[in-house]
Amino acid sequence: MEAALWAFSNDSENFIWQDICTRGLQRHPNEEILTKTLFDLLVFVAHKRIEGGQRLDYESALRQAECVYRNSRTTITNLQFFIGLVRRCEEPPFINITAPLQLKIIEDLVERYPSQEKLWDFLAQRELRGFALSDIKEHAKRNEHDTVVASEIDNLDSADNGSNLTKPVFKDRPMRQRIELCAKVYETALKTVSVGSHKIYILL
């Protein structure tokens, strides 16, 4: 992993670091630290390309990050690992460009770990911090609509392509509304998690 980080720090676009990580994962497919390192670096590359005006190339890095995530689902079962991937996406430089990836991971986690209290607590706290799931879903629908419209007018490669990438995905809500959304997630959790477990608390 140290070799990959060193290669990345010297030239992030050389992708020697990606080869190092990939070879490592071929030998140790369930290695969480190595998997997360590769995921993190790809997300950073996507952000760097956005800043550099490479709006088409950034998608390639994000697709690779999603591929790393998808592969990890077959070898890693630790919920905390996947929560860590979402937390990386939540960081200010990445929060908007990774919105579709956040949605994908969260939907998968709800499907795979519906009885895990830690998952529901994480999702509730996201609402409290202003990262409403409804905003990501709305963003995904908007992007899908824009893609269809662009396809119909054969304008996918226009200068406006990707113009929404850096726009805020999450709405600026007052704390009262965030608390209400947070409480709703906990209410859903209480209906979903096995009866008899009293470890879910609303801590505001």
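This is a predicted model: local features need pLDDT of at least 70, side-chain atom pairs count only at pLDDT 80 or more; totals for chains, interfaces and linings use all residues.
The largest nonpolar core comprises 44 residues, of which Leu38, Phe39, Phe82, Leu85, Ile105, Leu109 and Leu123 touch the most other members. At least two residues of this core are supplied by each of the helices H2 (16–27), H3 (32–51), H4 (57–73), H5 (79–90), H6 (99–112), H7 (117–128) and H9 (175–192), and the greatest contribution, 9 residues, is made by H3. Another core, which lies apart from this one, consists of 7 residues, including Ala99, Phe131, Val169 and Phe170. In soluble globular proteins, nonpolar side chains tend to be buried together.

Within helix H6, the buried residues are Ala99, Leu101, Gln102, Leu103, Ile105, Ile106, Asp108 and Leu109. When neighbours within four places in sequence are set aside, Ile105 is in contact with Phe39, Tyr69, Phe82, Leu85 and Val86. The end C-alpha atoms of H6 are 20 Å apart, which agrees with the span of 20 Å that should follow for its 14 residues at 1.5 Å a residue.

The side chain of Arg178 does, however, reach the backbone oxygen of Leu128 at 3.2 Å. Neighbours within four places in sequence being left aside, Arg178 is in contact with Glu127, Leu128, Arg129, Gly130 and Arg173.

Methods:
Residues are numbered from 1 along each chain as its sequence is written. Side-chain values use heavy atoms; hydrogens and water are left out. A nonpolar core is a set of buried Ala, Val, Leu, Ile, Met, Phe, Trp, Tyr and Cys residues joined through side-chain atoms within 4.5 Å. Buried means under 20% relative accessible area, exposed over 50%, partly exposed in between (1.4 Å probe, protein chains only). Helices (H or I, at least four residues) and strands (E, at least two) are DSSP runs, numbered from the N terminus. Contact means heavy atoms within 4.5 Å. The expected span of a helix is 1.5 Å times one less than its number of residues. A polar contact is a pair of N or O atoms within 3.5 Å; within protein, one must be able to donate a hydrogen and the other to accept it, and residues adjacent in sequence count only if both atoms are side-chain atoms.
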